[in-house]
Amino acid sequence: MKYLLIALVAALLFIPFLGAVHLFDWDEINFAEAAREMIVSHNYSQVQIDFRPFWEKPPLFIWMQAGSMLLFGVNDFAARFPNAMIGIATLVSLFAIGKKLADEKFGWWWTLVYAGSWLPHFYFKSGIIDPTFNFFIFLSIYFAYRIAHNAKPLRMAIISGIFLGLAVLTKGPVAILVAILTLLVYWIYKKGKISIRFTHIGLIALFATITTLLWFGYEIISHGWWFVNEFITYQIRLLTTEDAGHGGPFFYHWIVLLIGCFPASTFLFTYLQGRKKSIYSTTTDAAIKDFKTWMWVLFWVVLILFSLVKTKIVHYSSLCYFPLTFLAAWQVYLLSEGRQQLKKWNIAIILFIGIVLGIAIAALPLVGVYKDLLIPHIGDKFAVANLQADVPWSVAEASYGAGYIILVIISGIFLVRKQLTKGLLGLFISTILVIQVTVVHFVPKIEAYSQRAAIEYFISLQEKDVYVKALGYHSYAQHYYSREQPHSNPNYYNEDWLLNGPVDKPVYFICRITDSEPYVHHPHLKVIGEKNGFVFLSRIQ
């Protein structure tokens, strides 16, 4: 009954309003378009974008989205629905694992800490691959941990291998890299004294291989090695070069986790206070201590690995959410049991980050209301044009951020007064509520500034036999929102032909205002519109 209750609450948190805002370019639209093209082309074995092979991702998550689209239709809700299901499965799993590790109360705390932290919650309402990948790789590591704490270690190794294989089918060989590094660092930390034997490693590798061969094997047998070779080559390039202009400093992900995983992230600082005597039996304590070691190792492996990787994108460190929320939930649990103390400086960190986030939320509507005062001080022409979007704001909407600040302060007061359970519950539940408000109320307005003009332009071209091309910037939106069909003329992929050649159907273009100069004066193009930083053009025939 408790599992059903968690599933129902998770469904209420993650499913409503999934389609209330357009998918965001790049990643959300990228994966949704790949799923749509699977349905259109009936090619479910190869991931495609613009009906050409797409090397970046294996197909498991794309299959999930395609299945959702076959069920609900090709729309934004369907593209995000698989992650909502993964969100439900995640919270149920955290409760079950937490209950097994310690007791039911800890299971509840871990579930609440995960659901009550910003990015861990928010990503289940998105259409990106990472929540699904993270879930599989976490379960693989959890069952690897269970090898030493279960009467049937061989079975645990097999299950670990299956989940590792599913992780590879979701995001690629990076799953293997994370798993190997985690096991290696764990082995070094334990000075080689671990219960995972070569037999167990062999079983994990065997069943991971069997699972991945469900796609890799079929693809090699059906089409040869070329697709798999290109896929692996791309994965290596992604890890060793800065991709898509997404660079950043070494500590990029450290800041992302500190702010984005609030409030959970703030409780990691409590580990600086030293250890408390365990309340468990020796056997139970050893199991929990071992799992904490696994989680610390996973946390630092992922954080350092993706700090070293040249490409810096927010969700690259999202696998840290599992160990981070576990470690935070354990401290929260000890606090609620009176086994841990919260120092004043701990509370100060909680209040500072919470108030900063509240100020940021309150500032959003004020920026919208007083944008005319800000625009003269903005040097980016495209950003200025974005802000011209007609988005209704009122000063009263700043009360959402102010309300969050008040709730964080009230929670802090409870914590200072040693009413820890009230303070902790208030902190995480208030964050859940404000996340819902942000997703429903603010995200659509932000999307209206950043891309809606372009999306509406592409939607206007649906069901028309035309070519659509983005000039001067990379986008997947023109394919997905125009519901593009395969083009029989291979010259379609030649931009110069679309601009200057003897085209065989109408051609529509889009560019950003900052890149528009060569196109608005192009002899074969005419401007048919301009809105919020985007310029719309068509080919003169």
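**Entry 1: a buried turn**

I started at F51, which is buried at a relative accessible area of 13%; buried means under 20% relative accessible area, exposed over 50%, and partly exposed in between (1.4 Å probe, protein chains only). I found F51 in the loop between β1 and β2. For the names, I note that helices (H or I, at least four residues) and strands (E, at least two) are DSSP runs, numbered from the N terminus. Phi of F51 is near 60°, a positive value in a residue other than glycine.

I then looked at D50, which lies in the loop between β1 (48-49) and β2 (52-53). D50 also has a positive phi, near 60°, and is not a glycine. With a relative accessible area of 11%, D50 counts as buried.

**Entry 2: ground rules**

I remind myself that this is a predicted model, where local features need pLDDT of at least 70, side-chain atom pairs count only at pLDDT 80 or more, and totals for chains, interfaces and linings use all residues. Residues are numbered from 1 along each chain as its sequence is written, and side-chain values use heavy atoms, with hydrogens and water left out.

**Entry 3: cis peptide bonds**

I looked up the bond from D25 to W26 and found it cis, with omega near 10°. W26 has its place in the loop between α1 (2-14) and α2 (27-41).

F262 and P263 are also joined by a cis peptide bond, with omega about 5°. I placed P263 in the loop between α13 (252-260) and α14.

Next I visited H315, in the loop between α14 (282-308) and α15 (321-336). Is H315 buried or exposed? At 10% relative accessibility, H315 counts as buried.

Which residues does H315 touch, not counting those up to four places away in sequence? I listed D27, Y123, I128 and D130, with contact meaning heavy atoms within 4.5 Å. The side chains of H315 and D27 are joined by a polar contact of 2.9 Å. A polar contact is a pair of N or O atoms within 3.5 Å; within protein, one must be able to donate a hydrogen and the other to accept it, and residues adjacent in sequence count only if both atoms are side-chain atoms.

**Entry 4: the four-stranded sheet**

I traced an open sheet of four strands in the order β3-β4-β6-β5, with mixed pairing. Its edge strands are β3 (467-471) and β5, each pairing on one side only. From one strand to the next, the twist averages 25°. Two strands pair if DSSP finds at least two bridges between them.

I followed β3 and strand β4 (residues 507-512), which pair in the parallel sense over five bridges. V468 stands opposite Y508 in β4. Four of the five residues of β3 are buried, so β3 is largely enclosed by the rest of the structure.

Strands β5 (residues 525-531) and β6 (residues 534-539) run antiparallel and are joined by six bridges. I saw G529 opposite F536 in β6. The hairpin of β5 and β6 has two residues between the strands, and N532 takes a positive phi near 50° there.

What lies across β3, β4, β5 and β6? I found helix α21 (residues 452-459), running at about 25° to β6. Axes are lines fitted to C-alpha atoms, for helices over the stretch in contact, and angles run from 0 to 180 degrees between N-to-C directions.

**Entry 5: rings and charges**

How many aromatic pairs does a search of the whole structure find? I noted 51 aromatic pairs. F251 and W254 form an edge-to-face pair, 5.1 Å centre to centre with 70° between the planes. Rings of Phe, Tyr and Trp (its six-membered ring) pair if their centres lie within 6.5 Å; planes under 30 degrees apart count as stacked, over 60 as edge-to-face and the rest as tilted. F251 is partly exposed at 47% relative accessible area, and W254 is partly exposed at 29% relative accessibility.

I ended with charges over rings. The charged end of K445 sits over the ring of W393, 4.5 Å from its centre. Over the ring of Y480 sits the charged end of R483, 4.6 Å from the ring centre. A charge sits over a ring if NZ of Lys or CZ of Arg is within 6 Å of the ring centre and within 35 degrees of the ring normal.
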